[in-house]
Amino acid sequence: MSEDDPRRRIPRTDQLLALPPVAAARLRLGDHVVRGLVTGAQQRARQGEIEPDEVAAAVLDSLTAHRPTALRPVLNATGVVVHTNLGRAPLSESAIDALVIAAGYVDVELDLTSGARSRRGAAARAALLTACPAAEDGLIVNNGAAALVLATTAFAAGREVLVSRGELIEIGAGFRLPELIASTGARLREVGSTNRTHLRDYADAIGPDTGCVLKVHPSNFRIDGFTAAVDIAELSALTADRGVPFLVDVGSGLLAPDPSLPDEPDIGTALTAGADLVIASGDKLLGGPQAGVLLGRSAAVTKLARHPLARAVRADKLALAALEATLSAGQTPVGRALHADPGRLRARADRLAAELGAEVIAHEGRVGGGGAPGVPLHGWAVRLPEAAAALLRTGDPAVLPRVHDGACLLDLRCVPESDDQVLVAAARTALSGLVDDEHRRVP
């Protein structure tokens, strides 16, 4: 390297690390991350991409742009409220505040008055019981599948679990109910047929080796036509008479009936009808963090809480705090999206379309997350060219539209109104990218 080589002017690593903003970032991001960003800026200068006197500014820019996680925020413009690929339920502001509080040392399992150990997550449990008065007791675990595994293990390991053949569902990522139950050491016993199951089918199958009867809401599909199923009240009377525990998995976590989702079962109604234990997810229609919720009779919940597996599937302090806040606060983002005013959605879509020079079309959203399959959420979408979808997904911010019928559709149901202008800017950038790409292709 000659004396006049500009690379000699590249700042040394120790000089860059000593810059006050860089030194502060080392505490926030970690030394290895910051050193990597510094080395990257120096390498850009060595390759001639930037001038040596631009290295310090490049380091500061990279520190500003660096995210502590690879996860990227996404504007959900699909119209699907509980979108599994986007993390299901977006948390309420109260739940987000609770996460910040729970990030430090908190009394998750400590009575500060006495200094003695206390029941884990007592406040979240109390909020759950307040929200669902029909339950005598409750338990919170780390997800809905874990709740089902814990319940079937505690009640039926080495014994039979009776389930209607029409309720042997497959949940996300290829996991199937029969496989989950088999993993607990229980033996699955199917009753009835795919489309019709009667009370006598359960009555004939119950015997001395029956650990429990399980009723599962087939939340992600519907069978119409020549069908029959046994309701919770009938099964409750039968299982009580035979002395067999009765478990109901409602799936989505709806606490009480919702007139807009008339066929969606809820926890309160299932308990009132006689279920010993109801299982649900916390991050679907309940609108909270990923969690498994078990509510029911005190004896049943106590049996689960004392089982060794409960320790392996327990919820962490972040989930407990967020769930407590979700239950104690007002309407969740999921609730607001489900019950969004169609007129307001149309007005927002009209404004977006006017700014983009696009058209508005009728569009049906969905509940998602396996909830209320086939129930349309009537609304509106802004129609853009299909090719805009990829540019929206890879833009900043990332926007996930729905691609349907040769078009890119922007449904505002799940987009906070405060982000409307952010969405406008993202869409304009995507449309400009389409124009630029078209110009490059013209000879």
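In which loop is Arg-88 found? Arg-88 sits in the loop between β1 and α5, where the names refer to helices (H or I, at least four residues) and strands (E, at least two) taken as DSSP runs and numbered from the N terminus. The model is a predicted one, in which local features need pLDDT of at least 70 and side-chain atom pairs count only at pLDDT 80 or more, while totals for chains, interfaces and linings use all residues. Residues are numbered from 1 along each chain as its sequence is written, and side-chain values use heavy atoms, with hydrogens and water left out.

Taken as a whole, the protein chain has 18 helices and 12 strands, and its C-alpha atoms fill a box of roughly 95 × 60 × 35 Å along the principal axes. Of its 443 residues, 45% count as buried, a word that stands for under 20% relative accessible area, with exposed meaning over 50% and partly exposed in between (1.4 Å probe, protein chains only). Among the contacts in the chain with a separation of 6 or more, 71% are between residues 24 or more positions apart, a contact being heavy atoms within 4.5 Å.

The next stop is a pair of helices. The axes of α7 (residues 144-156) and α12 (residues 298-305) come within 9 Å and cross at roughly 100°, where axes are lines fitted to C-alpha atoms, for helices over the stretch in contact, and angles run from 0 to 180 degrees between N-to-C directions. The two helices, α7 and α12, are therefore roughly perpendicular to each other, because angles of 65 to 115 degrees are given that name, whereas those under 35 count as roughly parallel, those over 145 as roughly antiparallel and the rest as oblique. On the side of α7 the contact is made by Leu-150, Ala-151, Ala-154 and Phe-155, and on the side of α12 by Ala-300, Lys-303 and Leu-304. By class, this contact has six nonpolar, no polar and one charged residues, with Ala, Val, Leu, Ile, Met, Phe, Trp, Tyr, Cys and Pro counted as nonpolar, Asp, Glu, Lys and Arg as charged, and the others, Gly among them, as polar.

Phe-155 of α7 is also one of the residues that Pro-245 touches, together with Gly-211, Cys-212, Val-213 and Asp-276, when residues up to four places away in sequence are not counted. Pro-245 itself belongs to the loop between α10 and β6. Within helix α10 (residues 232-242) lies Ser-236, which is buried, with a relative accessible area of 12%, and which, leaving aside its neighbours within four places in sequence, is in contact with Phe-246, Ala-273 and Gly-274.

Two pockets remain to be described. A pocket is an open set of points on a 1 Å grid over the protein atoms alone, where a 1.4 Å probe fits and protein lies on both sides within 12 Å along at least five of seven lines, and its lining residues have an atom within 4 Å of a point. About 1,100 Å³ of space lies in the largest pocket, a volume being the space filled by probe spheres set on the points, which are joined across faces, edges and corners. The largest pocket is lined by 39 residues, of which Val-74, Asn-76, Pro-90, Cys-414 and Pro-416 lie nearest its centre. The elements that give two or more residues to this lining are β1 (74-77), α5 (93-102), α15 (333-338) and α16 (342-356), and α15 gives the most, with four residues.

The second largest pocket holds about 850 Å³ of space, and among the 39 residues that line it, Lys-215, His-217, Pro-218, Ala-229 and Asp-263 lie nearest its centre. Two or more residues of this lining come from each of β5 (210-216), β6 (246-251) and α11 (267-272), with β6 giving the most, three residues.
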